Amino acid sequence: MDFSYDDEQVALRDAVRGLVGKTYADHDHRRSVTAEDPGHDEQLWARMAEMGLLGLPFAEADGGVGAGPVEIGIVCQELGRVAAPEPYLAAVVLAGGLVAACGTDQQRADVIGPLAEGEGRPALAHDEPASPVTASQDGDAWTLSGTKEPVLHGGSASVLVVTAALPEGGTGAFLVDPADATVTAYPVYDGSRAARVDLDATPATPLGEAGRDLSSSIATVLDLGRVMAANQALGAMRTALSATTDYLKSRKQFGVTLNTFQDLTFRAADMYVSLELTQSMVDWATMVVATGDAEALADAATRVGLQASRGGRHVGQEAIQLHGGIAMTAEYSVGSLVAQLTLLDHLLGDGGVHLRRLADRIDDHGLVEPLG
Amino acid sequence: MDFSYDDEQVALRDAVRGLVGKTYADHDHRRSVTAEDPGHDEQLWARMAEMGLLGLPFAEADGGVGAGPVEIGIVCQELGRVAAPEPYLAAVVLAGGLVAACGTDQQRADVIGPLAEGEGRPALAHDEPASPVTASQDGDAWTLSGTKEPVLHGGSASVLVVTAALPEGGTGAFLVDPADATVTAYPVYDGSRAARVDLDATPATPLGEAGRDLSSSIATVLDLGRVMAANQALGAMRTALSATTDYLKSRKQFGVTLNTFQDLTFRAADMYVSLELTQSMVDWATMVVATGDAEALADAATRVGLQASRGGRHVGQEAIQLHGGIAMTAEYSVGSLVAQLTLLDHLLGDGGVHLRRLADRIDDHGLVEPLG
Amino acid sequence: MRLELSEDDQAFREEMRTFFTSEVPEEIRQRVIEGEELSKDDIVTAMRVLNDADLAVPHWPEEWGGRGWSELRRHIWYDEMQRAGVPPPLAFNASMIGPVIAHFGNQEQKERFLPPTASAEIWWAQGFSEPDAGSDLASLRTTAVRDGDDWVVNGQKTWTTLGQHADWIFTLVRTDPEAKKQRGISMLLIDMSLPGVEVRPIELIDGGFEVNEVWFSDVRVPGDLLVGEENQGWTMAKFLLGNERVGVAPVTATKRALARLKELAADTLADDPLSRSRVAELENELLALELTALRVAAHSADGEPHPASSVLKLKGSELQQAVSELAVDLAGSGSLASGAGDDSGVPAWQRRTTPRYLNYRKASIYGGSNEIQRQIVASRILGL
Amino acid sequence: MRLELSEDDQAFREEMRTFFTSEVPEEIRQRVIEGEELSKDDIVTAMRVLNDADLAVPHWPEEWGGRGWSELRRHIWYDEMQRAGVPPPLAFNASMIGPVIAHFGNQEQKERFLPPTASAEIWWAQGFSEPDAGSDLASLRTTAVRDGDDWVVNGQKTWTTLGQHADWIFTLVRTDPEAKKQRGISMLLIDMSLPGVEVRPIELIDGGFEVNEVWFSDVRVPGDLLVGEENQGWTMAKFLLGNERVGVAPVTATKRALARLKELAADTLADDPLSRSRVAELENELLALELTALRVAAHSADGEPHPASSVLKLKGSELQQAVSELAVDLAGSGSLASGAGDDSGVPAWQRRTTPRYLNYRKASIYGGSNEIQRQIVASRILGL
């Protein structure tokens, strides 16, 4: 049982912090890159590729680095610290993760290699605004029909990884060339990008073995996404708190700095409590990923999702309130942190969704045992 | 639409406040009367009878005063202000209320008259720890079997008003001589008294017409009880807040009075918010009682029950916390207020119970319309 | 104590309801109800319809368009307006500068400004806050210096809501730099088309533009535009902010938004007891708040606001925020599609949830932050 | 980062679990698990069993019974103890005065007091708080005046938990009335059977008696009972209170209480999604707190407490209170039957809920109130 990073992890953290911190040290830079497509800094993305961050989770044979969840979590936390709009979660963790888990050797080579090198980004098209996307088979040829939305950073994806209902039941995943689909991109409130993807008998290549039900692999990748979203949220919370304490120490009202007002300092203390509790849960859930136990991961993802949702709202909302008006402006950084926290909270089921799942299961255990 | 008391109501309030306020001005007096059976001040009870308070809700023909719910609410609020342990809610509002609503002329004369004069107190035996109490009929003779508990102030009751499942279905109510039942009395945590009532083929007289299903009358009396419990809780909340603000203004720590600490004063402000919201809801629900519309009352009782539960916990818990250690002691008055708030909260369904009911019904209306 | 409205008040309510739902353009009200953005024209149009029927400024002195209503009638008027989706009369005009001019202005100012203020011919902006004078308003540094009959104004205001639409701005300016904080402040009306006035919209975290910075560089303001006495500005500011606080809780609008959300998210709510309980809890809290507003209205007949009125802003903003947060949760991942157009597969209501949630964080900051409200309750009501 | 315990630590955990569940009398542990009151004998018996196996004071210096464990092992020891329903070693002895004597006492004091302190032959009480010195401890007024070799003590202490059982009391007394607040304070050990010591139990709001007032009237205390240097009391008090804070979060006991509540109230929970969600939310918060405790334990190896340790008391007390509140709600009206005997028709667990709920309000007041904890977090950790 060990909650501390080893030396290499510390080095990774410092390197990532240096890179993304420098890129977004000036909040204006974030504003200008998010003002234009693709909604993030392509130079940074290239540097992340150079540093090996984009191939972090993937096997070396597939062109990756073969690192573990702690390392991926470190990258996500550091991105969260600066509310980076880079589609790391969407492209690397989710889309890349599903291809790595289910793709054939060739598919992994086709998708993971370029992704790791910063040459192409897959996007996961999973959410459906209405009815499910369905897959149809005609001989060896497959087509998909229906609408996926919102597809995070779908507009700049090199390949779409689309989940779809299989003719024989179950859920499969398919690779779709964006040129074959109708992709309508738009900005998300945190400055990142999403898209509607319309498929109408669109040619698609089954990911892995054709016709196989991938439900459990998809569920596991989404759970991994929840844990990494919580890592990213944790980073954003940490900066939101430090921005708030910095502001309380420097901003004067009524002739004194704001930290003279006990109510404000006590509320900052409560933010710290939420932050530390979230940190503990995030560390734990990330370690659960490393065990490779899908059932334990499903539980941990739900639990960390609930905690990150509660903690993220508390810290984000209080960060704005304790700042006052300045935090309502796009020119100041806290709004971006809160916007990103809100996105991470609603991307893969919010706290309420997780709580419902946990409430259904309280009879399955006596005490909750984190160490097993 | 008028939220203000008329002159007579103001006079009633002042008179009741004078009487019960004087009785319990010294908290030691409350401690000593609750230390011994029957758990309240019989002299005060007699004075309340003299003042007409015990007959307030009942028709003049039955020996009552024929006043409305606002007047009963005033008495309950004033009792709550001093956390009086007197069984007004149990005997007058609930037990007396059910007899007045359902009893024959003779029964009303037998029960209400003595109650109003302070000569005898009915108790309502309704809650059941396990299976329902059942009524059996043999000719004109009825008997009851089963256990009722907790029966508020059941140990000092002159007559028990017992609800029971009827042989033909539905719920009836019966008058039982306590001497015919096994009554085991004990103190409740707020100093008042309750009892277990065991019935074993115990002779009983049907309240009103024999065999008639009184479910809806019972429900309405319980709803009235909820509204009056909320009135009493409001009184207790008001004193809990004023005791807290008094303490903050006078108690010194670190060389200054506690109201120097902004966190404490802001939390007192939040208590005030809870108190005022509860006051509004209590006033409203009390006025709804006056309309005589049972369905509207059922709704209002649920709503005021939820608000009083939330508000009462908030104000009570914060009153203790803002006082610190002193409020944990039985020698100080705030503990009694919090204990009584807790009792009133759990007597007829707590906030969670009410919220579940309201959650089931959100589709029955668009906007909630308090004025109809 | 009596629950029912009097017959007269019931008739009055009916009259208001009929007027609002039949005379104010349907398409404007629909935009309000669906939470869409209103244009300047929408707001002006609605206010003119109201003013033409003497319903824009009922709380003003009767000679300037007021109606001498009871507080209860004002409450009913405001309630029915929100219920029908009518945009309330522009607060800067109707609730802020209008009453100040009516109370402190001279006859010439009244005649010149009150009619176009009531009709929204003039769109007013509020020039109070400055970068270093927010909650601590008395620290303001914008100066007005006498030069002949004129005042020469220099400085910067901020958080000027909808200042981009404004024709005139009422400002607090320092006219006596020697006097202690509150003492040396005056109120000056400034035509925003004057040379030296510059407006810069500030983007907010929801991507919208509703507040502005306003710069004054040697702006020459004629002397007859000083309201009240020189250095009497703080008195007027307190008068104005007191009015602002009372009218600011949009209880009925929040109720309406929650009721609409129940319709829009009916499928999700159908089998989700936890979300249903959030709705039920919010409905109950809104009921308690509405009843408090009614109680305050009924008890304020003598002009002195009821102490509980501070509760309205405090709790009203919290509930407005809570309903907006629930909407995001009910929208689920559809809430991410905030930038999508109407060709999106995600329903419009879901797409609008997060920007509104982010925008409403202001509700507990602007117009006297909730910390200021708690301070008022603690000191003025509880004596702490 | 690694989730699993090392094999050694797993074996250690197994050893602790086996010991606690097989060596500590079942009936005592059962009383703890069911939330019944413990007698003095129960507590002393359990502590002796622990001490006989060198498990009562593992964090003391090794020569006095300590074990030199890692923080993680101390955590496991404490966790397994709570899980098994073993009453933790008397805090006044094991966590408070023991470490102070071991650290600041002279050799004679160590030899005289540490063994009977570890074995609970001496039951210690804490004499710190006074009627006018609660959170502001440095305002204490109890005096000790030199008279020959003795100290003569006069004054009053309060909130002396379980003082009615105590043989000795460790006190903070003012030995230099001239010095500034913190400066003139010393720590004195007082035999409670001395003439002039009087104990009065204080009834609490749950009807129980667990705190006391203690009066000292010209109590003559031999001079060799001063711990450390004269006027060094404040240093020792801070040392002691720092230890108190770290060990005080009974996370596992709260988890155990919640798990037991699920069993007891299973029927009610079965079809009540809102109560189920309260359980699930509390389970998750307790998990986060437990993981924080583990994280703090794992990071405190160098003796310096992890900054997050303040979180443990703050959140630990809130969750303890929240679980006790949920229990009352699940008991429903059965919770009124608090004074009923075992012949009651209401199950015992329901009858016990409200007294415990009322009693646990103390959790956020005693042992450094949650306001003091927030102050520590704000100033020491956040630098505010």
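How many residues does the contact take from chain B and from chain C? I looked this up with contact meaning heavy atoms within 4.5 Å, and found 49 residues from chain B and 46 residues from chain C.

Before going further I note that this is a predicted model, in which local features need pLDDT of at least 70 and side-chain atom pairs count only at pLDDT 80 or more, while totals for chains, interfaces and linings use all residues. Residues are numbered from 1 along each chain as its sequence is written, chains are lettered from A and ligands numbered from 1 in the order in which they are written, and side-chain values use heavy atoms, with hydrogens and water left out.

**Chain B against chain C**

I looked up the buried area (the accessible area, with a 1.4 Å probe, that two parts lose on being put together, summed over both) and noted about 4400 Å² between chain B and chain C, with 67% of it on carbon and sulfur atoms. On the chain B side, B:Met1, B:Tyr272 and B:Ile362 lose the most area to chain C, together 17% of what that side buries.

For salt bridges (a side-chain nitrogen of Lys or Arg within 4 Å of a carboxyl oxygen of Asp or Glu), I found a count of five between chain B and chain C. I noted C:Arg374 with B:Asp270, whose closest N and O atoms are 2.8 Å apart.

I then turned to polar contacts (N or O atoms within 3.5 Å; within protein, one must be able to donate a hydrogen and the other to accept it, and residues adjacent in sequence count only if both atoms are side-chain atoms), and across this interface 19 residue pairs qualify, both residues being at pLDDT 80 or more.

**Strand E1 of chain C**

I took strands as DSSP runs of E, at least two residues long, and helices as runs of H or I, at least four, numbered from the N terminus. With pairing defined as at least two DSSP bridges, E1(C) pairs with strand E4 (residues 168-174) of chain C in the parallel sense over four bridges, and C:Gly127 has C:Thr171 as its bridge partner.

**A:Asp345**

I located A:Asp345 in helix H10 (residues 334-347) of chain A, and its relative accessible area of 9% makes it buried. Its side chain joins that of A:Ser309 in a polar contact of 2.9 Å.

Definitions and conventions:
Buried < 20%, exposed > 50% of the residue type's maximum accessible area, 1.4 Å probe, protein only.
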